[in-house]
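Trainee: Could you walk me through this protein, please? I am new to it and would like to start from the overall picture.

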Amino acid sequence: MTAAKAEEPGGSGSGTAGLDYAERLRRLDNSWWRRTLNVQAPYRYNIRHMHLGRVLDIGCGLGRNLAHLGNNGVGVDHNPESIATARARGLTAFTSDEFPSSPYAVPGSFDAALVAHVVEHLDPDFAVELIQSYLPYVRSGGQVAFITPQERGYRSDATHVTFVDFDGLRELSVKLGLTPIRQYSFPFPRAAGKAFAYNEFVMLARKP
């Protein structure tokens, strides 16, 4: 199944496909407290210090992580409104329908795939299918970086359908034929995730 077909609405991530979801992301991004407190600084540091190289950002949303990476990569998302915002920010991004026919859809042309705050929106089988459709674009020996919310963050969004912790990310990696190489809780230790909405599970895995 192609990446475009994998992201058609139908109960697997369809809650993130519409205008309402893109507008919600924009409101959060433009909130005064995020702008004033520069709350993205530690997350920007974390993404940059993964040293991912040229990244295929699967489920890129408005392109925040692509911006953190200096647009060193390409974003893909099934929400056309989100992609329009990412492009308006000067980022290289395509809808999942557009990407396979774009000049960037070259097998093995990316050093890594980033799957940040995506799999919690999907049922487990669909998550495997979706990510599998993009793995050919990552070079052999490249990395896949997974980021998912911990308990408080998971409960904060009604479009979340699957809680995916370290065990879940490890299981997903193995199903994809990847080798987990590192995992950590960010920005605070694991215990903080029950109260702090922005604590994350981070796992890096290697493609054969």
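Mentor: Gladly! Helices here are DSSP runs of at least four residues and strands are runs of at least two, both numbered from the N terminus. Keep in mind that this is a predicted model.

Trainee: How many helices and strands does the protein have?
Mentor: Both kinds of element are present. Counting them gives nine helices and seven strands.

Trainee: Which element gives the most to the largest nonpolar core?
Mentor: That core has 33 residues, and Leu56, Phe99 and Phe146 have the most contacts inside it. Several elements each supply at least two of its residues, among them strand S1 (55-58), strand S5 (138-149) and helix H7 (124-134). With six residues, the one that gives the most is H7.

Trainee: How many residues are in the second, separate core?
Mentor: Tyr43, Ile47, Val55 and Ala145 are included in this other core. Its residue count is 15.

Trainee: Is Asp57 buried or exposed?
Mentor: Asp57 lies in strand S1. Leaving aside neighbours within four places in sequence, Asp57 is in contact with residues including Asn65, Val76 and Leu114. The cut-off for buried is under 20% relative accessible area. Because its relative accessibility is 2%, Asp57 counts as buried.

Trainee: What distance separates the C-alpha atoms of Asp57 and Ala116?
Mentor: Along the chain, Asp57 and Ala116 are 59 residues apart.

Technical notes
Residues are numbered from 1 along each chain as its sequence is written. This is a predicted model: local features need pLDDT of at least 70, side-chain atom pairs count only at pLDDT 80 or more; totals for chains, interfaces and linings use all residues. Side-chain values use heavy atoms; hydrogens and water are left out. A nonpolar core is a set of buried Ala, Val, Leu, Ile, Met, Phe, Trp, Tyr and Cys residues joined through side-chain atoms within 4.5 Å. Buried means under 20% relative accessible area, exposed over 50%, partly exposed in between (1.4 Å probe, protein chains only). Contact means heavy atoms within 4.5 Å.
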